[in-house]
Amino acid sequence: MEEPLLFEFGSLETTGVDLDEEDGIEFELGAFERKADIGLAGLAEPEAMRHYVRLSRNNYAIDSGLYPLGSCTMKHNPRLNEKMARLPGFSDIHPLQPVSSVPGALELIDELAHWLMVSTGTHAVAMSPKAGAHGELCGMMAIKAAHTAAGRDPKIVLVPESAHGTNPATAALLGFKVVSIDAKEDGTVDLATLKNTIAEHADNIAGIMLTNPNTCGLFERDVKEIADLIHDAGGFFYCDGANFNAIVGKARPGDLGVDAMHINLHKTFSTPHGGGGPGSGPVVLSDRLAPYAPLPFIRKSDAGLELVETNAATSDDEQPFGRMTAFHGQMGMYVRALSYMMSHGSDGLKQASEDAVLNANYIRVGLQDLMSLPFGVRPCMHEVLFDDSFLKDSGVTTLDFAKAMIDEGYHPMTMYFPLVVHGAMLIEPTESESRASLDLFVATMRDLVMSAQRGETERFSGAPYLAPRRRLDETGAARKPVLKWTEPEPAQVTPEAAE
Amino acid sequence: MEEPLLFEFGSLETTGVDLDEEDGIEFELGAFERKADIGLAGLAEPEAMRHYVRLSRNNYAIDSGLYPLGSCTMKHNPRLNEKMARLPGFSDIHPLQPVSSVPGALELIDELAHWLMVSTGTHAVAMSPKAGAHGELCGMMAIKAAHTAAGRDPKIVLVPESAHGTNPATAALLGFKVVSIDAKEDGTVDLATLKNTIAEHADNIAGIMLTNPNTCGLFERDVKEIADLIHDAGGFFYCDGANFNAIVGKARPGDLGVDAMHINLHKTFSTPHGGGGPGSGPVVLSDRLAPYAPLPFIRKSDAGLELVETNAATSDDEQPFGRMTAFHGQMGMYVRALSYMMSHGSDGLKQASEDAVLNANYIRVGLQDLMSLPFGVRPCMHEVLFDDSFLKDSGVTTLDFAKAMIDEGYHPMTMYFPLVVHGAMLIEPTESESRASLDLFVATMRDLVMSAQRGETERFSGAPYLAPRRRLDETGAARKPVLKWTEPEPAQVTPEAAE
Amino acid sequence: MRYLPLSNTDRGDMLARIGVNSIDDLFADIPENVRLEGLLDLPKRASEMQVERKLSAMAEKNTSAGSVPFFVGAGAYKHHVPATVDHLIQRSEFLTSYTPYQPEITQGTLQYLFEFQTQVARLTAMDVANASMYDGSTGTGEAVLMAHRVTKRNKAVLSGGLHPQYREVVEGLSNMSGDRVVSLPADPMGTEDILSQIDDETSCVVVQSPSFYGQLIDLKPIAEKAHQHKALLIAVFTEVVSLGLIEPPGTQGADIVVGEGQSIGNGLNFGGPYVGLFATRQKYVRQMPGRLCGETVDAEGKRGFVLTLSTREQHIRRDKATSNICTNSGLCCLAFTIHMALLGQAGLTKLARINHGNAVRLRKLLSAVPGVEVLNAAYFNEFTLSLPKVAEDVVEQLAERGVLAGLPVSRLEPENKDLANLLVVASTEVNTDEDRAAFAAALKEVLA
Amino acid sequence: MRYLPLSNTDRGDMLARIGVNSIDDLFADIPENVRLEGLLDLPKRASEMQVERKLSAMAEKNTSAGSVPFFVGAGAYKHHVPATVDHLIQRSEFLTSYTPYQPEITQGTLQYLFEFQTQVARLTAMDVANASMYDGSTGTGEAVLMAHRVTKRNKAVLSGGLHPQYREVVEGLSNMSGDRVVSLPADPMGTEDILSQIDDETSCVVVQSPSFYGQLIDLKPIAEKAHQHKALLIAVFTEVVSLGLIEPPGTQGADIVVGEGQSIGNGLNFGGPYVGLFATRQKYVRQMPGRLCGETVDAEGKRGFVLTLSTREQHIRRDKATSNICTNSGLCCLAFTIHMALLGQAGLTKLARINHGNAVRLRKLLSAVPGVEVLNAAYFNEFTLSLPKVAEDVVEQLAERGVLAGLPVSRLEPENKDLANLLVVASTEVNTDEDRAAFAAALKEVLA
């Protein structure tokens, strides 16, 4: 049975919410009362329950299978964290109720900040960004503010070509000019190129945006040198923390010379992805950037924790560049992340990183003879990058290959990203997978590869065959976008037919 | 992917529960320490989550579709009730903590008792039975106790042939002899037969166990006469309340002459079935049976609510026949049922009964021309009974027909029950279904009937084709029962192969 | 009303389609003189918010176990249940499914039942287990009836260490069905002479270990004596966590093992719903009450599971059935299965050690309180104190001091004055050093 | 560690299979001098019970909105959310799924996004809506950037009725990207002259209705003036429930409508996560930020949904993207969709009426308190009081009396002394007669 849209079976009269009866309200709305129908269909509660339960069953999820989306980090989401986030003392407090009535909220934020700073080796963190890309924006705004405070206005931001698209987009948003840095043959930043580029733009370097471990799944060995080069050029080192989950407890970005790094709480610390959000992207800051952290922030003193919400309340060494969002950021995500970090502890966090890297390498060795490693056989970090040369002349595209994985019960890996290799396939198993699960995945992948190489193209070109939908027409969707439901025209009744 | 048993991929070393470290315990166990392995496989939390999520997806549920199991009453289970049952003040209180520390618990039980008594028109209720059948046992024990108190020891319990199997089983358990009463042609109890049977066993009639509305989906029109006859014969009227959901707010069992009736809270008041339990079966009692209600009970006085747990605490007019269970019964279900009843209120409860009956009749008229009504075209109550004569000579059995419904996305109706008609198919839609849902169901059923009558036997004999499993071998399962998992023998290694 | 999808327009149209004038025409079979006019004398429908307010107000009048130092056991135990368990049992497909009568579309339920049966059989060291009973007490009643069927005798001997309310359940059933019960006097220290009660008329002897008083009992000699007389030993437990640390009844010779499974996966819930565990020897399987899940194959040869041996049951056998039971405690049983799968042997053993360790720590602290005597030499996580005052009063005074201290035996055994000063105290993994210190300090104060 | 399935045996075997000696061989790329030896200076792993205790202790220090008479609004509102909503959003398949990049196996997410977009478009009376923004404030920032792109101008005019923190978000972005912002002074009564600020350099004018102070604003003349100058009107709201009762921005001429959706389906959560609603005219759709879900067909011609127009987005366009955003507020958006589906037009309208009615009742009670003046003539569920004392002090004194009374404007606008006595007060369906009476009585006392 196909599930209709709610508008196709709900009605304007139906409601699934009983409300207490009103008694004679006098309106004080002025002339603003709504006159026309809103056109919102309602469902009785049993109808709504069944509708959304059925819809959900068309989704793949980490709870139902391995989800190897490289750089997205689909790991186990403990339900303890959900339970904690729903404690009324966290979920049912208002961002603007008297500060005196929410000391536990400040304590929670401060405690999480502590865990984030210690694990990154930094001494400041801007908590409020709402997602990773928002954190990037925050970090780059802090960098811009620092330059401005120093009376500088450099325009160039260096971005390696393997970067997430958010990096150049963020820099551009702030009026920076993005200069791309090529990778070496081994997939990491080429120091020589970097030096030349810096020299070319001397005195105009605002900073670099570098992902480390990078999106090829490799740790940038020369990271310290890169940091020194950029600092010497008067720039700041922004680190995209999307892959921080590989190195928690193994190395601290602060020790690597990073000036700002956002942390995707949903990637590294397992707040649920929820079909695409909400995320949360606190940004840790070096001492040089710390003064520019945006409002609001918590000030710690002998008197306890103090919430600073306005410029009027700042001290001399606090020069917030502004505000990223109303209120205090993603409290619900803070609770989940802290619950996760406390559960792991220093030993568990380290073990998780190690297991993530171990699992990725286990997949690498399981597949490297059949699939193609663009940068040769060498250890990877938490994800392993293949290119599509193993599919050459097979008649099977990367996309086909990915869709065929669906029929085997798997979500595909990240495809066509990073852009530095052809037909990229980026596999991240995370620490949540057991060895048995990895073995089954490797066996399935091997079977698929051999099938492709044997020329069984039908298995791929028509895939998926067993999903809730066959392959969807994305081009058609974009050509003439239909972005909402509209009442179908009543069927044309010709005069003859009506008789 | 097939989901293995937990023992097939878990291990004795793995655990998904972190426990605080012990420091040097001195054992005071005497000589009773366990020596051998327990043999319980453990799973890490992500493994357990995925295992049980995957298993769940092999289940049909009311949340995923219409579930027309006659006499089982699969209706919407509001999540408000789940939330209420989890309030720590209900879920985290101990049955034997000081009574002074649980006044709200007594209040809740008393309040639910009030709702049950008012809606049944009775003045006493034994709350503790753990399920419907347990309620039957309780009611029949009260009847036996009343006879004993009157110095009588009658042996015969009358049970119509359409009764649930629990009725005769319960009577037999208490040493009663079950005498079956035939139905009239219209599916209800034949008064003449009843009179004759009573006369035959004069002075030996302990009571009658009657389901009303009965399991043919019909209200026993002569219920008052039946009550009078049984009372005149010195017996009691036990009513099986399985179908009470058809008449809540429309008629009160107390007014019909009922002496005892259990209420399946999970059927009538929507506590979730949970794959087969837990149930809850409070028994309302007439004034004549009330004194014999079992321990524990709540006594209401000017001083408030008092919990009576032992014979020592009873007053002269309280002569409990004993105790049905440790503690106070199914508190978790009480909260859900009360939440449900309060949500509906007197108006909603009546409307729910009316809608349940309306929906069943709507299905009846949608199918009665194609399927066969054993007792002719007449209104039914909350469920409609068909027999299999419409399948005669089609080569399709009732079982085949039911299994083919699965392929259409439906759970089958109750089959082969009640036993009074051949190839019974008992359909109960409940009030939770919308008209659109009923229309689709009727259309699907009509399609199936016509298909069967056209002789498309393959669609039926091999069904289900689209379920997580094809038809299962139940005979084989019973012949040589395998009731637990055992480690497979290690594969035989022949000496040659080992070399 | 938010749960009812039909609109008044629907209702009107549907009545017309059915061919009646009013809804009451469909209720015409109800004799007019008993048909209700108007509404029941109950409040009208309430919004979610109203219901929440009213029920929350009731709930808040109760002192929840988690909010105070808590030491009440005696058949129900406060344990920590992982959040995963409650999340999973609320999956729509588990929560709102019926008894798995159609196995092709209920393999989810059936497979966890099969896992559950395996877990219970292994825990108890028995051959087979059923898919659960209502709870431990009713399971004990059923075990005695089963023993009567197996031995074709009808005399049960109940140990004085059996939970008093379990005893009452067995006695109630037996009184009604004409069976005989010999109940031994209360036995706090496990010193009763039960062997002399076993004779050739005995169908079964029912012994609880750890006993109601916390005492660990040696089942082997009792099994031996019972078997000499062709009677069955029914071993009962109320704290299933104990099986992580103590020798299972199966290796001690029990013929039927029955107990309460609430501790694993299930909350206190003021006494229910709980989950009864029930296991026996292979040879008695067809006399076993309750639902059973068995392995089989489907038409394509794939492994699958079905309810089986239902010919024992009421819906087939009617008045010849082994029992009238037609539900199990499905969802509680699922909670048990998941929690036990999370624990595994490693976790259960550790949990049991922590429970015992906490009990030992508590025993030491309380023994040191002047006037207090601990009656049990061997125990798991529960033991009995003999106090210099009436236990019920002491418990009330401790409650006023914010400590819920245990069960005064007199609450269940009010007529035996010898027991008036006895207090049954339990300690689990939830108790902290602070909890124990608070208990000991308050007790000292109350007894001073 | 309970979340890690690998055993030490697994780890050893896997390292061997990989062909390295130790786990650190896999981390060899990290320069030795920055490789961490030992552990981070943080506590070691904690059991569920420990974590629960610690976090519960923090939570209990906060006064939850549901536990007191509660009247704080100003951009976030305490509403009652049906239990069904929270149950459904916790379905594994919704909660633990990623962005629907593989539409064939994420139709669940995609279909609810399509429903959401339709709901938002209808509520606002606009042509198209996106699949949500982080929240209302960041959405407003994005709306201004979008207006700059559409008009190719860079001057934004912000009404003095805009939420001060929304204003700060817009100003911050503009400061950084070199755009111009004209922010009008605080405008509690909706009497500002914004029309005169609109000129041919203006890209957009940003007006909130109901305003931060609760005042309903007539958008039509502003739209007219803006359109005369080829500027866009961005209409902002923070209380989406108001759209159940008041004329939607779409019919008043708004070009972009942006607002906070928290009130429907989502709790207060101390400010986040929330869900930003964002709608615009058809002609601007390709300049819209954020994710969009569109209808299409699959290879068999069946209707299905996909993310679409992603060529606007950063992962394709990189530094040419319309925005750097690459998430939406998926789960909050689902909560909104489900709650709104449950309400439907009938329920939303009634909910809005109750909200307004409760505000009117409150207004009457508070107006009657000596010294209190209500500044707004037309409002929805929120209005501003002028008090005879400093509002911040009054709020603290009311809090001590157990009433959380609203937001003193000075908390967000400390530098404008004219606002020191203003208090923004909101009332929703959760407030009872008792709540209101308690508020009025306490206020009288404090002001006496």
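Author: Starting with chains A and B: 27 residues of chain B are in contact with 27 residues of chain A, contact being heavy atoms within 4.5 Å. This is a predicted model, where local features need pLDDT of at least 70 and side-chain atom pairs count only at pLDDT 80 or more, while totals for chains, interfaces and linings use all residues. Residues are numbered from 1 along each chain as its sequence is written, chains are lettered from A and ligands numbered from 1 in the order in which they are written, and side-chain values use heavy atoms, with hydrogens and water left out.

Reader: What area is buried between chain B and chain A?

Author: About 2,100 Å², with carbon and sulfur atoms giving 53% of it. Buried area here is the accessible area (1.4 Å probe) that two parts lose on being put together, summed over both.

Reader: How many salt bridges across the interface of chain B and chain A?

Author: The rule finds two. A salt bridge is a side-chain nitrogen of Lys or Arg within 4 Å of a carboxyl oxygen of Asp or Glu. Arg50(A) and Glu433(B) meet in a salt bridge through their side chains, at 2.7 Å from N to O.

Reader: And polar contacts, which elements of chain B are involved in touching chain A?

Author: Eleven residue pairs are in polar contact across that interface, both residues at pLDDT 80 or more. A polar contact is a pair of N or O atoms within 3.5 Å; within protein, one must be able to donate a hydrogen and the other to accept it, and residues adjacent in sequence count only if both atoms are side-chain atoms. On the side of chain B that touches chain A, the elements giving two or more residues are helix 2 (45–56) and helix 13 (435–453) of chain B. Helix 2 of chain B gives the largest share, eight residues. Helices (H or I, at least four residues) and strands (E, at least two) are DSSP runs, numbered from the N terminus.

Reader: OK, chain C against chain B. How many residues are in contact?

Author: 194 residues of chain C are in contact with 211 residues of chain B. The two chains bury about 17,500 Å² between them, 62% of it on carbon and sulfur atoms. Glu104(C), Met176(C) and Phe270(C) supply 6% of the area that chain C buries against chain B, more than any other three residues.

Reader: What's the salt bridge count between chain C and chain B?

Author: The count is 19. One of the structure's salt bridges links Asp24(C) and Lys250(B), at 2.6 Å from N to O. Polar contacts between chain C and chain B come to 109 residue pairs. Helix 10 (residues 330–367) of chain C gives the largest share of the side that touches chain B, 26 residues.

Reader: How many salt bridges over all chains?

Author: A search of the whole structure finds 101. Among them is Lys364(D) with Glu26(A), the closest N and O atoms being 2.6 Å apart. Lys364(D) lies in helix 11 (residues 330–367) of chain D and Glu26(A) in the loop between helix 1 (6–9) and helix 2 (45–56) of chain A, so the pair joins two chains.

Reader: Switching to sheets. What's the strand order in the seven-strand sheet of chain B?

Author: The order is 1-7-6-5-4-2-3, an open sheet with mixed pairing; two strands pair if DSSP finds at least two bridges between them. Strand 1 (124–126) and strand 3 (177–181) of chain B are at the edges with a single partner strand each, so one side of each has no neighbour in the sheet.

Reader: How do strand 2 and strand 4 of chain B pair?

Author: In the parallel sense, over three bridges. Ile156(B) has Ile205(B) in strand 4 as its bridge partner. Helix 7 (residues 166–173) of chain B packs on the sheet, touching strand 2, strand 3, strand 4 and strand 5 (236–240) of chain B, and its direction makes about 155 degrees with that of strand 4. For such angles, axes are lines fitted to C-alpha atoms, for helices over the stretch in contact, and angles run from 0 to 180 degrees between N-to-C directions.

Reader: Which peptide bonds in chain B are cis?

Author: One joins Asn212(B) and Pro213(B), with omega about -10 degrees. Pro213(B) sits in the loop between strand 4 and helix 9 (223–232) of chain B. Another runs from Gly277(B) to Pro278(B), with omega near 0 degrees.

Reader: And what is the phi of Ser270(A)?

Author: Positive, about 70 degrees, although Ser270(A) is not a glycine. Ser270(A) is in the loop between helix 10 (265–268) and strand 7 (283–285) of chain A.
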